[in-house]
Amino acid sequence: MTGPASPRTATIVRETSESRVELSLDLDGTGSSQISTSVPFFDHMLTAFAKHSLTDLRVTATGDTHIDAHHTVEDTSIVLGQAIRQALGDKSGIARYGDALVPLDEALAQAVVDISGRPYLVHTGEPAGFEHHLIGGHFTGSLVRHSFEAISIHAALTVHVRVLGGRDPHHIAEAEYKALARAFRQAKTLDPLVDGIPSTKGAL
């Protein structure tokens, strides 16, 4: 197996007129996290993502949450995607694919990840009206898909997420983030049987 030549870590700072995000991660961590985005429910989701993907994650973000949570969630997700892509390096030795089915009480979500270098998101199954529901005060259900879209694009991942069941919006959203985390955990894993980059093209 040929693995990465350096630790799979990244630190990125992004500042716009709408938000400021400082983020660092270690893909070979234990799932520890320190998250403060000023959007409490999003903090909860990123903490779950770190824990279940075994990615050490530090995030400090501030933004115009007096307007709504949209810009802060979007910009944090952009930076998370950028950091994942940077930390993956040339992707030598990775498993590449991951698939996870995660329940949370009555909710059930599936995520499939391909560290493909081709950004694509397919996201289906959220119940009607979910996108309008306020979770935790000011995190709307629509931000789940928007967050996944930003991560997928900027990390250059192919991601399929399906909600197979659920009633409680909190449970649905959390099952989705945990499923994405578990699938990403599999995909980023260094596989001792993989020699070089897992693609017939020789690049991802």
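## Terms and basis of the model

Two strands are said to pair if DSSP finds at least two bridges between them. Helices (H or I, at least four residues) and strands (E, at least two) are DSSP runs, numbered from the N terminus.

This is a predicted model, in which local features need pLDDT of at least 70 and side-chain atom pairs count only at pLDDT 80 or more, whereas totals for chains, interfaces and linings use all residues. Residues are numbered from 1 along each chain as its sequence is written, and side-chain values use heavy atoms, with hydrogens and water left out.

## Overall form

The protein contains 4 helices and 10 strands. Read from the N terminus, its elements follow the order β-β-β-α-β-α-β-β-β-β-β-α-β-α. The radius of gyration (taken over C-alpha atoms) is 16 Å, close to the 17 Å that the globule rule (2.2 Å times the number of residues to the power 0.38) gives for 204 residues, so the protein is as compact as a globular protein of that length.

Of the 204 residues, 50% are buried (under 20% relative accessible area, with a 1.4 Å probe and protein chains only). Contact means heavy atoms within 4.5 Å. Among contacts between residues at least 6 apart in sequence, 78% join residues at least 24 apart.

Strands of a sheet pair through backbone hydrogen bonds, either parallel or antiparallel. In this protein, 4 strands form an open sheet in the order β1-β2-β4-β3, with mixed pairing. The edges are held by β1 (9–15) and β3 (33–36); each has a single partner strand, so one side of each is left without a neighbour in the sheet.

The pairing of β1 with β2 (residues 19–26) is antiparallel and extends over 7 bridges. Within it, I12 has L23 in β2 as its bridge partner.

## Helices on the sheet

Angles run from 0 to 180 degrees between N-to-C directions, and axes are lines fitted to C-alpha atoms, for helices over the stretch in contact. Helix α1 (residues 40–53) packs on the sheet and touches β3 and β4 (56–63), its direction making about 160 degrees with that of β3. Helix α2 (residues 70–88) lies across β1, β2 and β4, and runs at about 30 degrees to β2.

## Surroundings of L121

L121 belongs to strand β7 (residues 120–124). This residue is buried, with a relative accessible area of 13%. Apart from neighbours within four places in sequence, L121 is in contact with R145, F148, E149, S152 and V159. The C-alpha atoms of L121 and V161 are separated by 7.9 Å, although the two residues are 40 residues apart along the chain.
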